[in-house]
Amino acid sequence: VVIDVGAGASFNVVDFVAAADHKLLVLTPQLPSLHNAYALLKACVHRVVQRLALDDIQQRLIDSALGHESKARTIAQLLAVLQPLDAGLADRIAATLARFGVGIIANQVETGADGAALARMSPLIQDHLATPAPVIATLRRLPALSGGLRAGTGTLAGSDDTGSLFRKLALRLLHTDLSVLRGAERTATQSTLPLWIEREVAVIER
């Protein structure tokens, strides 16, 4: 199932992205695109981190560790605060974010500077959100592509470089071992639901 979420970071958008096995961020080199994509991913990461608490005590630990200063803590700083207080919780957060499934699609790239600007997002996301986010596809700005989209023609179905790129991207996603992204607990039950939703359903059923 492929879901093209809307713009912004509303609860619906954040929950859809957070629940997905693959999280593809389509970025252009423009600053608003970079800023908005990072803000959305940060909201998703914080949402998942807060949902990994198993009880009220762990929830308070996470809320306290995230801090209420004018400059919020990074996830690395959060883990450093949590580790001596609840090593199990810190390890669970680190393991979840290490296999968060984020990939960057570099779109409308014209110059080497454009590509470099988008490539810099990967280490920034790793440093601040503690999750890998490699650039997995780069799409050059092509007049034929933009013209085809406006005309509603089958640009991507052709045999040009653009169609080949999307086919390679699709195969890369299809060949991913989802058990690695979902983790041992979800894989054991063959469930596609996020763990926090499973727990809430279990509480309701009881």
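Trainee: What makes the crossing of H2 and H7 right-handed?
Mentor: A crossing is right-handed if the near helix is turned clockwise from the far one by less than a right angle, and left-handed if anticlockwise. H2 passes H7 in the right-handed way. Helices here are DSSP runs of H or I with at least four residues, strands are E runs of at least two, and both are numbered from the N terminus. This is a predicted model, in which local features need pLDDT of at least 70, side-chain atom pairs count only at pLDDT 80 or more, and totals for chains, interfaces and linings use all residues. Residues are numbered from 1 along each chain as its sequence is written, and side-chain values use heavy atoms, with hydrogens and water left out.

Trainee: Why is H2 called roughly parallel to H7?
Mentor: H2 (residues 31-51) and H7 (residues 121-129) pack at about 30°, with their axes 12 Å apart. Angles under 35 degrees count as roughly parallel, over 145 as roughly antiparallel, 65 to 115 as roughly perpendicular and the rest as oblique, so H2 is roughly parallel to H7. The axes are lines fitted to C-alpha atoms, for helices over the stretch in contact, and angles run from 0 to 180 degrees between N-to-C directions.

Trainee: Which residues of H2 and H7 meet?
Mentor: Leu34, Tyr38, Leu41, Lys42 and Val45 in H2 meet Met121, Leu124, Ile125, His128 and Leu129 in H7. Contact means heavy atoms within 4.5 Å. These residues divide into eight nonpolar, one polar and one charged. Nonpolar covers Ala, Val, Leu, Ile, Met, Phe, Trp, Tyr, Cys and Pro; charged covers Asp, Glu, Lys and Arg; the others, Gly among them, are polar.

Trainee: Why is His128 called partly exposed?
Mentor: The relative accessible area of His128 is 35%. Buried means under 20%, exposed over 50%, and partly exposed in between (1.4 Å probe, protein chains only), so His128 is partly exposed.

Trainee: What does His128 touch, leaving aside neighbours within four places in sequence?
Mentor: His128 is in contact with Tyr38, Thr74 and Ile75. The C-alpha atoms of His128 and Arg73 are separated by 8.5 Å, although the two are 55 residues apart along the chain.

Trainee: Which residues touch the most other members of the largest nonpolar core?
Mentor: Ile75 and Ile93 do, in a core of 39 residues. H2 gives the most to this core, with nine residues. A nonpolar core is a set of buried Ala, Val, Leu, Ile, Met, Phe, Trp, Tyr and Cys residues joined through side-chain atoms within 4.5 Å.
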